[in-house]
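I opened this notebook to keep track of what I looked up. The entries follow in the order in which I made them.

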Amino acid sequence: MAAAVVGGSFLSAFLQVLFDRMASPHFLGFCKRQNLNDKLLRKLKTLLNSVNGVLDDAEEKQIIKPSVEKWLNELKDAVYEADDLLDEIGYEALRSEAESESESAAQTNPRKVWNLLASYNPFQKGSEEKLKDVIERLQDLVSQLDALGLRDGSGRKQSLLRIPTTSLVQECDVYGRDADKEAIVDRLISDDPRSGDLEVVLIVGMGGIGKTTLAQLVYNDERIKDRFGYQAWVCVSEEYDVFRVTKDVIEEVTRQACDIRTFNQLQLELKRILKGQRFLLVLDDVWIDEDGKWDMLQMPFKSGAKGSKVIVTTRNQNVASVMGTRSIYHLNQLDNDDCWLLFSRHAFGDADEFADHPHLEVVGREVVRKCKGIPLAAKTLGGLLHSERDVYKWEKVLNSNLWDLSSNKILPALKLSYYYLPSHLKRCFAYCALFPEDYEFRKDELVLLWMAKGFLIQPGGHSNFEEIGEQYLHDLISRSLFQQSIIDKSCFTMHDLIHDLAKFVSGELCFRLEGSDSWKVSQMTRHVSLETACYSPSVQFEAISRYPSLRTFLPLHRGWSWKSRSLECEVVNNLLSSLKRLRVLSFSGYDVAELSVSVGGLKHLRYLNLSGTHIEKLYDSVSSLYNLQTLILNDCRKLTLLPDSFGNLINLHYLNNGETKLKEMPSQMGKLSNLRKLTDFVLGKGSGSTIKELGQLHYLHESLTIWNLQFVNDVRDASLANLKGKKYLKLLKFVWNSNTDDSVHERVVLEQLQPTTNLESLSIIGYGGTRFADWLGHFSFSTMASIELRGCKHCSSLPPLGQLGSLKNLSIVAFDAVLAVGPEFYGSSPMGKKSFGSLKTLLFEKMENWQEWNSAGRIGSGAFPVLEQLYIKDCPNLSKAMPSKLPCLETLVIEGCQQLNMATIPSDRATYCMHLEVSNCPNLVSFPKGGLLAPNLTQLLLQSCLKLKSLPEKMHSLIPSLLLLRLTDCPELESFPEGGLPSKLQSLEIYDCSKLIAWRRNWKLQSLPALLHLYIGSDIAMESFPHDEAMLPPTLTSLEISDLQNLKSLDTRCFRHLTSLERLKIKNCPELEFIPNEKLPSSLRLLSIIMCPLLRLRCQQEKGELWPMISHIRDIFVY
């Protein structure tokens, strides 16, 4: 039972990998050819099977028996040695195969090939002796099983059962959960028509966060008691016994013992009891994620009345899919204030008592901060320090590792989250101890590391490691061990206490190097990480080189602290020569100029990250890394050459070579048949791979950019690339980098490059044909969501992209030959379908000769029904009408369109628009007579409209929602419209509008009750600001002035009533010398004075004569 519940020990999955390797025909065949002693391999397998049977028992007993913990650590070390040896055998098999093929290709005498392989036989050089040493170690460990009391784990009752929870709660001991309680109660007393007769409400969160407490609060609420006839509380815990849970429900409801012994009679009895009754059942601490058990348990529940509810608390979000519920409540951490109250109650009984011990409060609040909102942590630490008044002991707790605290319950509470993981997830989770606290990791980053470590088990020979890794990641997220980053939704992180758990369970296997503490690295350590921003890299590298058994060397850098660190070649070479067992090696973040040939000696290497280094080429020795799965070269901006024998890397799955200077791909790229990820394929003039090599890469996923398509000389090569058959590609980019003399040839090449219809994004850049291939815009590309067409200077017409029903984003840039856009662009959509039916964003840019956009007629009618953003930039000759009736348009940006004026823009387009921006349109003199009807417009930006004389009429009534008005470089603009500006305006920015600024006495800003921000800049006439006290409204919170070359003073009187002003910024006012001769408003929080030399001298801290007027301001920046 325990093995089934626990799912296997840390080492179980590791051993399974070894068993699979020893059983593979490839491995066995090589061993037979090399005359390896078969008895030794059978002996090794027998010993590994012997220890495998007791691993679950050992993992439990190590908690209370140090001798078992020591035995397990020694076993891990021995198994790692066995793995290294077996991996060497596997490497030799790969090498012999590659060299045999190479020699065969050169038509070498087969006898010479065999002699060559024999000369490299590793077992003639002591490998059999190594195997005997490993067997001897394992025999010694197996001989200790009886003395340690270790038994096979099957059928044994687990030892980590906990005291069952009950529905009783001490509400005075709960803080910060009122809103959570109300949210759950609302769900229970309201009826969701989608939930059917029985609704399950899931409360999900990490261990110790308070799920059970929240359920108790809800269970005891009077509103719940009034609504439900029956209430039952059952603690399910790890051992999900349907018979036991059903019986507990009966006894909870009837308040009587139940003696029924058959499951059938139990279910019939529960069905009878619940029939017609509205009930609430709490299933606390559920771990099950199997459909069958829930299906059996819930059958009697369906006899209850409509509106019956089940609350389930769990750490595993997968329970939701098992129970078929959409009602999931994610319980978050407490804020620091509530966490402090909880801690205080258990440390002193009352937070007010800290008034007598202020020195303890300072330390206590730091302790609470370390709890990171976990109630169990705050409660436990508070209890640990209960009635303790010695500040030294408080500081000791603060500065210690939480796991080292004596008698605390954090460890067992959180360790259950790890203990009941399946074996394969335990290794994945423990490996994350290498990451520093609060480190944000990406999915690809983690999956590739797991793959390199052999953590991704392939069921049934399934070879898609990436999908397996994604599933593992999802499983850890659903179990609340990982959480999505708040800052970057594409990243994940671990709560600090979960991170501590990872460090605890990884033990000495993982070590994170900080500063010069390499002396703490143990001989048992196999994985080391370090932050690149810390300490001297040379010292760190030299220290690490002393540990030859390391499998991971992983420098990490955070985005905000990244900078390249210099590293001498000698230090790098020493590392490569010393750490021969590495699986993971990264020099990312270091200024490494080259890798020596010794890198080829890393037989076990699976992961090599050189991103951001200064490497110019990779030597041929890299091609002997036959086990290499991941090679990351992105941002190696000096890299021009890959090895000629690069095709030998037959296990390569992931190659990121973006942002490099590669001149071409090496020959025989088609041999990399396992490649799943290839970011860039560069064609060249030389002897490298032609595009047809892509045809053999059947499993490419995600994105691919093909560069220098002008070098495709044979059209048949483009066809043999078989992009149409690469069904896993989602993003594809075609790039030509020179003008063509044969546009027909380029069109035929593009025709043959027809991609898979599963494509979601396509970019075509620099294409030299006069028209596009027929496949572009075809209905069959039903998942195409984004298209970019750029620099296709010879194309005189656009493809029929309106036919693509899923297209959401479209960019068309630098089409010099296009004069008009018309029906050919819209295509012929099926009956009832509108052209561009899903398009949300459309950009036209640098269309120098485009004159007309013709959307009239049946085809153009109703097009763009959901278009939200339209950008037209640098189209100097566009003068004729654009589409009307864009019912969903929110953003309209017109820039650099000299022939456009507002008459060419249908007035109904602005009806739903929220953002309107017009810039560099010299022919724009005024807006349509009668005003611009734009009731939803919140932002209006006008820039470099040199002839514009007036703003839209009746702005106060026709544009009532305007929040931001920005006017820049409109020298002829004289005034605001009659009736003034809209009353909701919050931000007004006026820069380089000399006539309008000269008219400032008539701005009437006092009539704008919502105005918060005012910015005025670039004027040579203004000498004093403001002109009178009535100019600035008292609502202002931010005032900025800049580039007022002759401004000499700020008027004192005009600042007295600015009682809400928080920010005052003054920039580049060289003549400004005076500010108010009395203190600026007390509300001011920030004062910034930049490039104002006269004022700067007078505002010097303590010395300047104006310092007393500004010294009360919290943040002052003068420079």
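I began with F455, which counts as buried because its relative accessibility is 6% (buried means under 20% relative accessible area, exposed over 50%, partly exposed in between, with a 1.4 Å probe and protein chains only). The model is predicted, so I noted that local features need pLDDT of at least 70 and side-chain atom pairs count only at pLDDT 80 or more, while totals for chains, interfaces and linings use all residues. Residues are numbered from 1 along each chain as its sequence is written, and side-chain values use heavy atoms, with hydrogens and water left out.

**Aromatic pairs.** I searched the whole structure and got 33 aromatic pairs. Rings of Phe, Tyr and Trp (its six-membered ring) pair if their centres lie within 6.5 Å; planes under 30 degrees apart count as stacked, over 60 as edge-to-face and the rest as tilted. Y431 and F455 make an edge-to-face pair, because their ring centres are 5.6 Å apart and their planes stand at 85°. Y431 belongs to helix α22 (residues 423-431) and F455 to the loop between α23 (443-452) and α24 (465-478), so the pair ties together parts 24 residues apart in sequence. Helices (H or I, at least four residues) and strands (E, at least two) are DSSP runs, numbered from the N terminus. I also looked up Y431, which is buried at a relative accessible area of 3%.

I then took F844 and W853: their ring centres are 5.1 Å apart and their planes are at 70°, so this pair is edge-to-face. Both F844 and W853 are buried.

**Charges over rings.** Which ring does the charged end of R365 sit over? I found the ring of W340, with 4.2 Å to its centre. For K426 I found the ring of Y418, with 5.5 Å to its centre. A charge sits over a ring if NZ of Lys or CZ of Arg is within 6 Å of the ring centre and within 35 degrees of the ring normal.

**Lysine in a strand.** I placed K677 in strand β18 (residues 677-678). K677 is buried, with a relative accessible area of 9%. From K677 to L655 I noted 22 residues in sequence and 5.8 Å in space, C-alpha to C-alpha. Leaving out residues up to four places away in sequence, K677 touches H653, Y654, L655, L700, H701, E702 and S703 (contact means heavy atoms within 4.5 Å).
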